[in-house]
Amino acid sequence: MPLSAEQQAEIDEQRSQPGQTLRAVSPGMEQHLYKAQPVLDHGFVRVIDYMGDDAAICQAARVSYGRGTKSVQNDEGLIRYLMRHWHSTPFEMCEIKLHVKLPVFVARQWIRHRTANVNEYSARYSILDREFYIPAPEHINAQSVVNNQGRGGVLEGDEAARVLEILKADSHRCYDNYEQMISQDGQDGLARELARMNLPANVYTQWYWKVDLHNLFHFLRLRADAHAQYEIRVYADAICAMVADWVPAAYRAFEDYRLGGATMSGKALDCVRRMLKGEEVTQETSGMSKGEWREFMGVLNDPA
């Protein structure tokens, strides 16, 4: 189950005792506070705390007081200008703290974003639950033949069933051995910090992850991309929905300039200009490698 009974009771207790505050609040984010958004088969994302809103971004950019001296329309225009010109500091004035439950192999991808504060559940002190990520049949894919780190077509029939059975059997066998090693029933029991190394990478862990909005947008730009691995992308998608309610103007600008936009090299931009003039440009005359040309064509023809 995504949430334990104890965690749900804690959430219900926290949401039942709202308090007054003089700080800026985001009505959209208030609706997300403490609620767990299910992700994958046993995972979730929930907002623990946040600071700032769209007005805080504009306030920092103008170095003014209060909620600003400009209209909402001018505020959104300023935010779009800041996003368009890659300003960072105003967006750093907003922060969010998330509680995330995720498979270990997803966590190892996630932790590569070194611009957040992280505190993870410790398997040195505590015993991990018997919960593993097992992909749904539609996410059992073959290796891509054009991308060394990507997926190809979906496996079907006996091959898919064989793979799923291996994943399930290995996961439970490793956990059975983990339990036997740490058991103190008739034996001393292996130290938890040693026994954990036998657990598979699809076992679930949890952490608190605190990050400012600028660095969160960088994370989401990479992980909510269509080319990101599915298992981390669904977490990014869940966070995107929360951020859209938290800082709607900033998220609209992010969605337009980052998620929906594309960055081109000087060579690529030169090719676009030549094409607009009516010139027929090929990979051979572009000055690009085959890989660069393939990606360039993907941007022009099918960004997804």
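1. A quick word on terms before the details. Axes here are lines fitted to C-alpha atoms, for helices over the stretch in contact, and angles run from 0 to 180 degrees between N-to-C directions. Please keep in mind that this is a predicted model.

2. Now to one helix pair. Helix H8, residues 213-223, packs with helix H10, residues 248-259, at an angle of about 40 degrees, and their axes lie 11 Å apart. H8 is therefore oblique to H10, since angles under 35 degrees would count as roughly parallel and those from 65 to 115 as roughly perpendicular. The crossing of H8 past H10 is right-handed.

3. Which residues in H8 and H10 meet? On the H8 side they are Leu213, Phe217, Leu220 and Arg221. Their partners in H10 are Ala250, Tyr251, Phe254, Arg258 and Leu259. Sorted by class, this contact has seven nonpolar residues, two charged ones and no polar ones.

4. Stepping back to the whole protein, you will find 13 helices and seven strands. The C-alpha trace spans about 80 × 60 × 30 Å along its principal axes.

5. How much of the protein is buried? Of its 304 residues, 37% are buried. The protein exposes about 17700 Å², and carbon and sulfur atoms supply 50% of that area.

6. Last, a point on contacts along the sequence. Taking contacts between residues at least 6 apart in sequence, 69% join residues at least 24 apart.

Notes. Residues are numbered from 1 along each chain as its sequence is written. This is a predicted model: local features need pLDDT of at least 70, side-chain atom pairs count only at pLDDT 80 or more; totals for chains, interfaces and linings use all residues. Side-chain values use heavy atoms; hydrogens and water are left out. Helices (H or I, at least four residues) and strands (E, at least two) are DSSP runs, numbered from the N terminus. Angles under 35 degrees count as roughly parallel, over 145 as roughly antiparallel, 65 to 115 as roughly perpendicular and the rest as oblique. A crossing is left-handed if the near helix is turned anticlockwise from the far one by less than a right angle, and right-handed if clockwise. Contact means heavy atoms within 4.5 Å. Ala, Val, Leu, Ile, Met, Phe, Trp, Tyr, Cys and Pro count as nonpolar, Asp, Glu, Lys and Arg as charged, and the others, Gly among them, as polar. Buried means under 20% relative accessible area, exposed over 50%, partly exposed in between (1.4 Å probe, protein chains only). Accessible areas come from the Shrake-Rupley method with a 1.4 Å probe; for residues, only the protein chains shown count as cover.
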